Amino acid sequence: MEPWQWPDDVWQGKVNKVRAGRSLKPQSWKNGARCAVALSFDSDHETNELRDGGESIGRMSTGEYGNRVGIPRILNLLSRTGVPATFFVPAVSALLHPDEQRRVVQEGHEIGLHGWIHELNTKVPPEAERDLHFRAADTLEKVTGVRPVGMRTPSWDFSQVTLKIERELGLLYDSSLMADDDPYEILEDGEPTGIVELPVEWIRDDAVYFNMNRHSALRPYTPPTAVLDIFRREFDRAYEDGGLFLLTMHPHVITYRSRIFILEELIAHMKSRADVWFATHADVARFAKENA
């Protein structure tokens, strides 16, 4: 049937499968902070090409840049500024670059789930999706010694069974959905799940401003200064609202010589404001869940 022919229970079921529940925004953040900042980096590396069955050496070299140049540049900046962050890592990236993941954890940052090979969840059968997420969790734990407690689905692609799998994994939080600016509890079929959502948005993602594909019409480009302005305005309003500022970045996107200043100046700007709490996604989710 066409969507306009659906009985009410069909479209209601689709809408209600995964929804936003109660707000988990606390009155104040840890130690009375006014605003929480959660910086994240999706370490996709070569999987951006591999997940589509691609064999382009050029595109894979762009992913290699993320490991070879991007991650060290990010970690050095975070170390200088004393800012923790969360890195969402496909299992294949972790297997290709295990020393990178171990360094991330050793320096006090968090590693979260990001699929097996950056696959699209809605493009694989439910049983395959479950297997991939569980294998990814086992792989990241084996590589780093730490079992992930949160997930960001690759490309924020969330299937009809993703939430069920997250519940089976016993995850604390997800960071793939967009129903709010601030943390909320996820509902499944109208029932609370206990899983915290740390909402994302394409506006707060570096890739949409800079990525391009020379073989297609995908050639967006925004001047780095304009991207800094957008991110800074997002933070300023989050600070004003007493909320969460969550930013998604990619090591192979944000770290070029003409772009890394965005992160440097943004961190300096946020640190110039009083009562800002910089935390990993896990720490933000845990605090929100316990203090909402």
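**Close-up views of a predicted model**

View 1. Tryptophan 156 belongs to the loop between E5 and H7, and its phi is near 55°, which is a positive value in a residue other than glycine. Serine 155 lies in the loop that runs between strand E5 (150-151) and H7, and here too phi is near 55°, again a positive value in a residue other than glycine.

**View 2. Arginine 152 and its polar contact with aspartate 42.** Arginine 152 is found in the loop between E5 and H7, and with a relative accessibility of 0% this arginine counts as buried. The side chain of arginine 152 is joined to the side chain of aspartate 42 by a polar contact of 2.9 Å.

**View 3. Serine 176 and the backbone of threonine 153.** Serine 176 is placed in the loop between strand E6 (173-174) and strand E7 (184-188), where a relative accessibility of 2% makes serine 176 count as buried. A polar atom of the side chain of serine 176 lies 2.9 Å from the backbone nitrogen of threonine 153.

**View 4. Alanine 179 in the loop between E6 and E7.** Alanine 179 has its place in the loop between E6 and E7, and at 51% relative accessibility alanine 179 counts as exposed, since the exposed class begins over 50%. Between alanine 179 and glutamate 166 there are 13 residues of separation in sequence and 18 Å in space, taken from C-alpha to C-alpha.

View 5. In helix H7 (residues 162-169), the buried residues are Thr162, Leu163, Ile165, Glu166 and Leu169. When the helix is seen down its axis, the buried residues of H7 fall within an arc of 160°, and they therefore line one face of the helix.

**View 6. The largest pocket and its lining.** The largest pocket holds about 910 Å³ of space. Its lining is made up of 35 residues, of which Asn48, Arg59, Asn211, Met212 and His252 are the closest to the centre of the pocket. At least two lining residues come from each of helix H2 (47-50), helix H3 (57-81), helix H8 (207-210) and helix H10 (251-254), and H3 gives the most, with 5 residues. By residue type, the lining of the largest pocket divides into 14 polar, 11 nonpolar and 10 charged residues.

**View 7. Helix H11.** Helix H11 (residues 260-271) contains 12 residues and reaches 17 Å from its first C-alpha to its last, which is close to the 16 Å expected at 1.5 Å a residue. The residues of H11 that are buried are Ile260, Ile262, Leu263, Leu266, Ile267, His269 and Met270.

View 8. Arginine 22 is placed in strand E1 (residues 18-23), and its relative accessibility of 47% makes arginine 22 count as partly exposed. The C-alpha atom of arginine 22 is separated by 35 Å from that of histidine 45, although these residues are 23 residues apart along the chain. Phenylalanine 245, in turn, is placed in strand E9 (residues 244-249), and with a relative accessible area of 1% phenylalanine 245 is buried. Phenylalanine 245 and alanine 137 are 108 residues apart along the chain, and their C-alpha atoms are separated by 26 Å.

**View 9. Glutamate 290 in helix H12.** Glutamate 290 is found in helix H12 (residues 281-291), and with a relative accessible area of 60% this glutamate is exposed. From C-alpha to C-alpha, glutamate 290 and glutamate 191 are 19 Å apart in space, and they are 99 residues apart in sequence.

Note on methods: Residues numbered from 1 in each chain as written. Predicted model: local features only at pLDDT ≥ 70, side-chain atom pairs only at ≥ 80, totals over all residues. Heavy atoms only, no water. Helix = DSSP H or I, 4+ residues; strand = E, 2+ residues; numbered from the N terminus. Expected span 1.5 Å × (residues − 1). Buried < 20%, exposed > 50% of the residue type's maximum accessible area, 1.4 Å probe, protein only. 1 Å grid on protein atoms, 1.4 Å probe; cavity = no way out; pocket = protein on both sides within 12 Å on 5 of 7 lines; lining within 4 Å. Points joined across faces, edges and corners; volume = space filled by probe spheres on them. Nonpolar A, V, L, I, M, F, W, Y, C, P; charged D, E, K, R; others polar. Arc of directions from axis to C-beta. Polar contact = N/O pair within 3.5 Å; in protein donor to acceptor, adjacent residues only side chain to side chain.
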